[in-house]
Amino acid sequence: MATYIYGIIDSNRAPDDPMTGLEGAPVHILPHRNLGVLISDFPAWIRNATKDRAIAHERVVERFMADFTVLPFRFLTLFAKKEDVRAMMNDRYGDFKDNLERLRGKAEFGIKVIWPGARIRARITQRENGAPVPAPASPGDSPARCFIRKKFEEHRIESAIEDEADKRIAFVDGFFAEFAAETKLEKLKTNDLLLTAAYLVQKEKQRGFMRTFERLNSSPGELKYLFSGPWPPYNFIKMARCAISP
């Protein structure tokens, strides 16, 4: 029988009200010292990721997030038997305990920033074409020298785009610095996705964080913003050793 894990909570007591998870299976607490593992048991291994299963997984995590600190595990994390879960808890108890203490009372918020990548690139290219450039190619230039000149021009444009991205990211991130206990920023994942940001925010600061986003979102300009949260802190779990990651 396979054991499915939704996450770990900072309590080893069973919930007062029963709950179901994937495929309608009951959710149980597997106690380990002063922590609890949120599990469901299945007669066979679950392999296929479906929308309904993903929603069921997230529903369980969010339900327990309302009353406990939760370390969410990755979707479709299974163990062959409960003894393997207990061994994992023994091996990584210190990591789990440290994370639960650090993340207590906090939730994750996500912000994505969209910019018109093609238009900005064209604008910067036009601007850079008017800047001083190396001497133009002459008939006697070697292919290598022509290649270097071309790469230099490309590098100058890419550097200018990076600088523009950094300025705009600093502008956006500056709105949220006072609210975030921890921050993770990823820039330019695609041509139009300027920023993917995750913010870890203490409970008492979450309302202010959301109001600040509303203020940013209503400001004029060519940037567009997508907001999500509060979520369990998926992006802020830190494990000291490599094993099955939550």
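Colleague: Let's start with α1. Which of the residues in α1 are buried?
Modeller: In this predicted model, the buried residues of α1 are Arg53, Ala56, His57, Glu58, Val60, Val61 and Phe64.

Colleague: And what covers the buried residues of α1?
Modeller: The cover includes β1 (2–9), β2 (28–32), β3 (35–42), β4 (70–79) and β8 (224–231).

Colleague: Nice. How many residues does α1 have, and how far does the helix reach?
Modeller: Helix α1 runs over residues 51–65, which gives 15 residues. From first C-alpha to last it reaches 21 Å, close to the 21 Å expected at 1.5 Å a residue.

Colleague: Zooming out, how many helices and strands does the protein have?
Modeller: There are five helices and eight strands. Along the sequence they come in the pattern β-β-β-α-β-α-β-α-α-β-β-α-β.

Colleague: What share of the protein is buried?
Modeller: Of the 246 residues, 41% are buried. As for the surface, the protein exposes about 13,700 Å², with carbon and sulfur atoms supplying 54% of it.

Colleague: Switching to charges: how many salt bridges does the structure hold?
Modeller: It holds 16 salt bridges. One of them joins the side chains of Arg104 and Asp10, at 3.3 Å from N to O. Arg104 sits in the loop between α2 (82–103) and β5 (106–114), and Asp10 in the loop between β1 and β2, so this pair ties together parts 94 residues apart in sequence.

Colleague: What does Glu158 pair with?
Modeller: Glu158 forms a salt bridge with Arg121, and their closest N and O atoms are 2.7 Å apart. Glu158 belongs to helix α4 (residues 143–174) and Arg121 to helix α3 (residues 117–129), so the pair links parts that are 37 residues apart in sequence.

Colleague: Where does Glu222 lie, and which residue does the pair tie it to?
Modeller: Glu222 forms a salt bridge with Arg123, with the closest N and O atoms 3.2 Å apart. Glu222 lies in the loop between α5 (206–217) and β8, while Arg123 is in helix α3, so the pair ties together parts 99 residues apart in sequence.

Colleague: Which residues are linked in a network of salt bridges?
Modeller: Arg119, Arg123, Glu164, Arg168 and Glu222 are linked that way.

Colleague: One last thing: what share of the contacts with a separation of 6 or more comes from residues 24 or more positions apart?
Modeller: Those residues account for 76% of such contacts.

Conventions: Residues are numbered from 1 along each chain as its sequence is written. This is a predicted model: local features need pLDDT of at least 70, side-chain atom pairs count only at pLDDT 80 or more; totals for chains, interfaces and linings use all residues. Side-chain values use heavy atoms; hydrogens and water are left out. Helices (H or I, at least four residues) and strands (E, at least two) are DSSP runs, numbered from the N terminus. The expected span of a helix is 1.5 Å times one less than its number of residues. Buried means under 20% relative accessible area, exposed over 50%, partly exposed in between (1.4 Å probe, protein chains only). Contact means heavy atoms within 4.5 Å. Accessible areas come from the Shrake-Rupley method with a 1.4 Å probe; for residues, only the protein chains shown count as cover. A salt bridge is a side-chain nitrogen of Lys or Arg within 4 Å of a carboxyl oxygen of Asp or Glu.
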